[in-house]
Structure formats: structure tokens, C-alpha cells
Amino acid sequence: MEQIISADIVEKDNAAREADLKRDYDSLGERLDRRGIAIDAISDKVEKFAVAIPSWGVGTGGTRFARFPGAGEPRDIFDKIEDCAVIRQLTQATPTVSLHIPWDKADPNRLKQAASRFGLGFDSMNSNTFSDAKGQALSYKFGSLSHADAATRRQAVEHNLECIEIGKTLGSKALTVWIGDGSNFPGQVNFAKAFERYLDAMKEIYAGLPDDWKLFTEHKMYEPAFYSTVVQDWGTNYIIATELGDKAFCLVDLGHHAPNVNIEMIVSRLIQFKKLGGFHFNDSKYGDDDLDAGSIDPYRLFLVFNELVDAELSGAEGFDPAHMLDQSHNVTDPIESLMLSAVELQRAYVQALLVDRKALEAYQDANDALMATQTLKAAYRTDVEPILAMARLNTGGAIDPVSAYRAAGYRAKVAAERPAVASGGGGIV
Ligand code: LRH
Ligand code: MN
Ligand code: MN
């Protein structure tokens with residue numbers, strides 16, 4: 001397996017940190033031991049934790065006002081795969097890439113070959129009927145899978161079926177469908193009719209799904225439609241997943257809810273009714289900000305993982321959610337942001353593993369609200385960095401991924417090979 005960052009650089013950076021890490025790990029191990037927790041068992045779990053990198057996340061993002069390109073941006077999906085390989089190498093947490101079609105359209109066999117050079121696999125395929133592709137016959141300006149015009153709906157269905165076909169060659173096992181369909185004015189669309197058209201179209205896509213695939217639908221409250229969206233909320237999403245069948249699940253993008261919505265409770269509900277498919281992790285302050293996971297509200301991320309760990313430990317039937325990042329990096333080096341975001345998910349996961357669940361249950365049963373919440377806080381307050389760093393070291397990654405990445409000078413190196421992409425307005429990627 002090829003490694004893009006020279007092993008010497010990673011080893012040198014690790015060597016400078018290893019002795020301190022061992023001390024910190026042992027000391028944390030001792031403290032966890034006092035709480036009846038075996039640190040090595042937790043480390044094993046972290047080593048198995050995986051999150052997919054979105055291909056669109058490694059390019060510099062932008063807003064509808066402007067995009068300020070970074071140096072050495074990937075020119076195409078093959079450059080993106082190399083950037084993903086760097087993230088994988090240094091974090092050892094991101095073995096797969098999630099593609100967006102048609103943004104990443106290329107010969108599937110070449111894609112597979114390019115990824116396998118670095119030991120990367122492919123996660124869920126993402127279709128795109130929220131923008132018009134070059135040369136597309138019918139426009140999605142007024143919708144896609146719910147469009148009033150049957151021919152436009154057909155075109156959108158065909159596109160999704162094509163995504164499945166590409167994914168089959170790549171070894172993907174899921175299709176994620178997010179549509180921008182909705183309305184900008186009251187009265188613009190008939191809610192019920194639009195949803196009915198959407199469901200009919202989705203049934204055709206579902207019929208083309210291989211038996212061992214899953215179909216994820218992603219709800220989003222607003223944007224680009226600002227008055228209503230067809231797949232607005234988790235309730236609508238749940239209806240879709242139940243209408244479609246056993247292979248259909250809800251995908252929760254953390255940025256797609258109304259402010260103050262209790263996302264962790266949505267997660268719990270979907271787990272309880274066996275319809276949680278997976279996540280697009282990111283963070284937000286105001287809307288679908290697509291900020292780095294854990295950068296604004298790390299406690300919320302922990303609370304989401306608290307639900308996930310609760311389900312994992314209680315052996316919830318069929319529980320196997322897909323983890324994907326979905327972020328836009330406007331002012332940071334996307335590789336650095338994505339590495340740290342993957343680590344933030346691991347951190348929340350480990351903190352959630354540390355929750356004393358027996359004690360929590362007893363406090364809940366005794367209506368001891370204060371101690372119940374303190375039980376969560378005790379886990380959340382634990383600095384688990386030594387566990388995360390040790391897991392990286394044990395699996396061949398970097399103790400400090402950003403430090404090793406900067407020491408390798410990867411961005412400057414690719415900047416010399418990849419010509420600057422023009423800046424300009426608009427576009428989320
Ligand atoms: C929509 C979304 C969806 C798209 C991605 C680019 O806001 O979250 O997942 O595929 O952004
Ligand atoms: Mn998303
Ligand atoms: Mn989004």
C-alpha cells in the first residue's frame with residue numbers, strides 16, 4: 001500500500017512525542033482503572049472506529065458570496081483521493097471516501113484503482129439532483145424527484161440509478177439521496193402532491209437497489225428552498241424510510257435542523273424504530289454552516305454519541321450507522337480540518353464509552369436529575385486525548401496529525417503541481 005507522507009517524517013514527529021504519550025496514557029489508564037474501566041478495551045474500540053471523508057470536503061469551500069481558493073486545491077477526483085489518503089494515513093480513522101456524482105464522475109475502474117493504491121474504499125454514493133449538470137436536458141430549477149413534470153422526475157430517477165451502477169463497480173453499499181426540492185413562496189407547490197411524486201420516484205430508485213445495499217435519505221429544513229422543502233424534517237424522513245422498505249434508512253446531517261432542536265433525541269427515536277441509517281457530521285452555529293465537527297458545540301456531539309454508544313452496548317438490533325463527515329472548509333486547510341474532525345468524532349465516541357451506564361440508569365430510576373447529568377459530565381470532562389493518540393500510534397498514524405502533516409510540507413508540494421483554481425462567487429464546493 002502506497003503512503004503519500006514519508007514514513008520517516010511521521011516516525012520523527014512521533015518519536016518526539018512518544019515518551020510523553022506513554023506517560024499520559026498510563027496515568028489516564030490508572031485513573032480509569034479506579035472507575036472500573038480498562039483503557040486497552042477502549043483503545044481497541046477506537047482503533048475500529050471509522051468515518052468516511054466526503055470527496056467534496058477536500059476542496060476549499062465557499063459561500064454564495066465568494067470563494068477564496070486555497071493553495072494546491074485538488075483539480076479532480078484523483079487529486080481528491082490523494083488528499084483523502086493523507087487524511088487516512090495520519091489519522092488511521094478514515095478508510096473510505098464518499099463520492100458525489102456527477103462532481104466525481106470518472107471511469108469507475110480507474111477510480112477503484114486509484115483508491116486501492118492507498119488502501120481506500122468507497123462509502124455511500126451521493127447523487128446530485130440539486131444542481132444542473134453540464135449538458136443536462138431538463139433543469140432542476142423547480143425540483144427533481146418531486147418535479148411537476150414527469151420527464152424531469154424520470155431524468156432524476158435515472159441519475160440515481162446510474163449512481164447505483166457506478167457504486168456497484170466501486171464496492172459501495174449505499175446510496176444517499178438529498179434533494180433541494182421545495183418552494184420559496186407559500187402556495188408555490190402543493191405539499192401533498194409534491195411529496196407523493198417524490199415517494200413514487202424514490203420507489204423506482206429503491207427498486208433498483210441491490211439486496212445488500214442501503215438507501216439513505218437526508219432531510220433538511222431549508223436551503224436552497226426557503227419556504228418549504230419536500231424532505232423537511234426527521235418525521236418526513238421516517239415516513240419515507242418506512243414507505244420504501246427494509247433497506248431504506250434516515251440519514252441525519254447535524255446541520256439540517258431548526259436551531260435548538262434536540263438532535264440527540266431524534267437519533268434515539270430513529271434507533272428505537274430501527275431507521276437510523278447514518279450521519280453527516282459537521283457543526284453549526286446558525287444553520288447548515290458545515291463547520292468542523294465539534295468546533296462549536298462539542299457537548300452536543302458527545303450527547304449524540306452517548307445515544308449511539310447506548311445502542312451499541314445494549315446490542316440494539318440492526319444497529320450499524322454509517323459515519324460520514326459533510327463539511328465545507330472556507331478558511332482552513334481542508335485536510336487539517338478533516339483530520340481534526342475525524343478525531344473529534346473519536347473523542348466524542350470515547351467519552352461516551354466512559355459513561356457509567358449502570359449508575360446513570362440508577363439515577364434515572366431514582367429521579368436524581370442532578371447526579372444523572374453529572375454522570376454524563378464526568379465522562380465528557382475526561383481528557384481522552386492519550387487514548388486517541390495511542391490508537392493512532394498503534395495503527396501506524398501520527399500522534400499529532402497536524403504537526404506531522406505540516407512537517408511533511410504536503411500542501412506546498414501539491415501547490416507546486418496543482419495550478420491555482422480561479423476564485424469567484426458561489427458554490428458550496
Ligand atoms: C445538503 C448536503 C447534502 C449534499 C451536501 C453537499 O446541504 O448536506 O448532503 O450532498 O450537502
Ligand atoms: Mn449532508
Ligand atoms: Mn448540508
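User: Which residue of β10 does C250 stand opposite?
Analyst: This is a predicted model, where local features need pLDDT of at least 70, side-chain atom pairs count only at pLDDT 80 or more, and totals for chains, interfaces and linings use all residues. Residues are numbered from 1 along each chain as its sequence is written. β9 and strand β10 (residues 276-281) pair in the parallel sense over four bridges; pairing takes at least two DSSP bridges, and strands are DSSP E runs of at least two residues, numbered from the N terminus. In β10, the residue opposite C250 is L276.

User: What is the handedness of the crossover from β9 to β10?
Analyst: The chain gets from β9 to β10 through helix α8 (residues 263-272), a helix being a DSSP run of H or I with at least four residues. With the strands pointing away from the viewer, a clockwise path from the first strand over the helix to the second counts as right-handed. This β-α-β crossover is right-handed.

User: How many residues of strand β9 are buried?
Analyst: Buried means 20 or more other C-beta atoms (placed from the backbone) within 10 Å of a residue's own. On one side A248, C250 and V252 are buried, and on the other F249, L251 and D253. For β9 (residues 248-253) the count is six of six.

User: Which residue in β9 does E218 stand opposite?
Analyst: Strand β7 (residues 214-218) runs parallel to β9, joined by four bridges. Opposite E218 stands L251.

How values were computed:
Chains lettered and ligands numbered in written order. Buried ≥ 20, exposed ≤ 12 C-beta atoms within 10 Å, placed from the backbone.
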